[in-house]
Amino acid sequence: MIWGLATSHVPSIGAAMDHGKTDEPYWKPLFDGYAPARKWMQDHRPDVAVVIYNDHANSVGLDLVPAFGLGTAERYPVADEGWGRRPVPPVIGSPELSAHLVRELIDDSFDIATFNQLDVDHGLTVPLSVYCPDPGDAWPCAVVPLLVNVIQYPQPTAARCYALGQALGRAIRSFPQDLRVAVFGTGGMSHQLAGARAGMINEPFDRMFLETVESDPARLTALTREDYIREAGTEGLELIMWLVMRGALGPNIRRISDGYHVPASNTAAGIALFEVMDRNGSVVG
């Protein structure tokens with residue numbers, strides 16, 4: 001495991017890239033903030049990215065909502081979310097790593113649903129575009145999708161997500177093949193799309209989270225789902241997926257870059273990139 005990326009997965013961020021709007025005044029500050037992370041990631045490419053995200057009722061309906069699910073397919077088509085598929089390549093899986101992760105996580109007391117077929121929506125493709133804005137005919141790495149329920153109450157707790165991340169880290173490190181793996185935690189930051197607080201953004205909370213997810217993630221696991229909803233909005237609860245990523249990286253990390261922008265389509269958009277270090281402070285990758 002070489003690095004971890006936390007990033008918002010706002011669909012309009014993908015649309016801005018797809019339609020050549022990234023230099024327009026509304027979007028330019030956001031994409032300028034991505035530039036340092038993108039440059040660094042291009043020089044440190046993984047073989048596989050494990051992307052923690054939530055489906056937005058495109059492949060997972062409310063009739064059956066697993067707390068956690070993992071894709072095991074060889075290929076993941078891009079979902080049509082109602083206005084046509086994004087003009088990005090299909091996502092290629094890593095079935096052997098997926099099968100290993102499912103087995104290890106179940107043996108580590110996490111009951112993981114398996115998705116042998118899965119169309120992936122903006123929750124996964126937008127973070128891939130944040131990493132690689134010009135993939136051409138193929139994304140530069142294989143992908144293992146890891147889905148978290150952040151929509152249907154009761155969602156997993158922050159503590160459970162962090163523990164899942166720690167188990168995920170152990171599972172990745174135990175894979176016998178020599179692969180360079182990156183882990184993406186997606187969603188957030190503060191936003192609410194409906195109800196009396198529609199449009200709410202809590203910048204002090206977001207900035208606290210950006211700092212604390214690196215320095216003291218255990219503090220963030222003490223917050224209840226109600227705490228997250230109160231402070232970050234109903235959709236801001238997606239921040240628990242950043243904790244899966246953070247748990248996977250382990251205790252020794254180095255922040256490469258971060259950014260924060262308000263608003264991206266009524267959402268506070270954040271990014272944080274961390275390099276994994278060993279216990280002696282040396283770079284793992």
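Predicted model: local features only at pLDDT ≥ 70, side-chain atom pairs only at ≥ 80, totals over all residues.
Visitor: Why is Glu24 called partly exposed?

Guide: Its relative accessible area is 36%. Buried means under 20%, exposed means over 50%, and partly exposed is what falls in between (1.4 Å probe, protein chains only). Residues are numbered from 1 along each chain as its sequence is written, and side-chain values use heavy atoms, leaving out hydrogens and water.

Visitor: How do you know that Glu24 and Lys21 meet in a salt bridge?

Guide: The N to O distance is 3.8 Å. A salt bridge needs a side-chain nitrogen of Lys or Arg within 4 Å of a carboxyl oxygen of Asp or Glu, so this pair qualifies. Lys21 is partly exposed too, at 34%. That rule gives eleven salt bridges in total.

Visitor: What makes Asp18 and Arg86 a salt bridge?

Guide: Here N and O are 2.8 Å apart, so the pair meets the cut-off. Asp18 sits in helix α1 (residues 11-18) and Arg86 in the loop between β4 (75-76) and β5 (91-92), so the bridge ties together parts 68 residues apart in sequence. Helices (H or I, at least four residues) and strands (E, at least two) are DSSP runs, numbered from the N terminus.

Visitor: Is Arg86 buried or exposed?

Guide: Buried: its relative accessible area is 12%, which is under the limit for that label.

Visitor: Which parts of the chain does the pair Arg170 and Asp108 link?

Guide: The closest N and O atoms of this salt bridge are 2.8 Å apart. Arg170 belongs to helix α5 (residues 158-173), while Asp108 is in the loop between α3 (95-107) and β6 (113-115), 62 residues away. Arg170 comes out at 47% and is partly exposed; Asp108 has the label partly exposed as well, at 29%.

Visitor: What makes strand β1 mostly covered?

Guide: Five of the five residues in β1 (residues 3-7) are buried. On one side these are Trp3, Leu5 and Thr7, and on the other Gly4 and Ala6.

Visitor: How do you know that β1 runs parallel to strand β8, and how many bridges join them?

Guide: Five bridges join β1 to β8 (residues 181-186), and the two run parallel. Strands pair if DSSP finds at least two bridges between them, so β1 and β8 are a pair. Five bridges also join β1 to β10 (residues 269-276), this time antiparallel.
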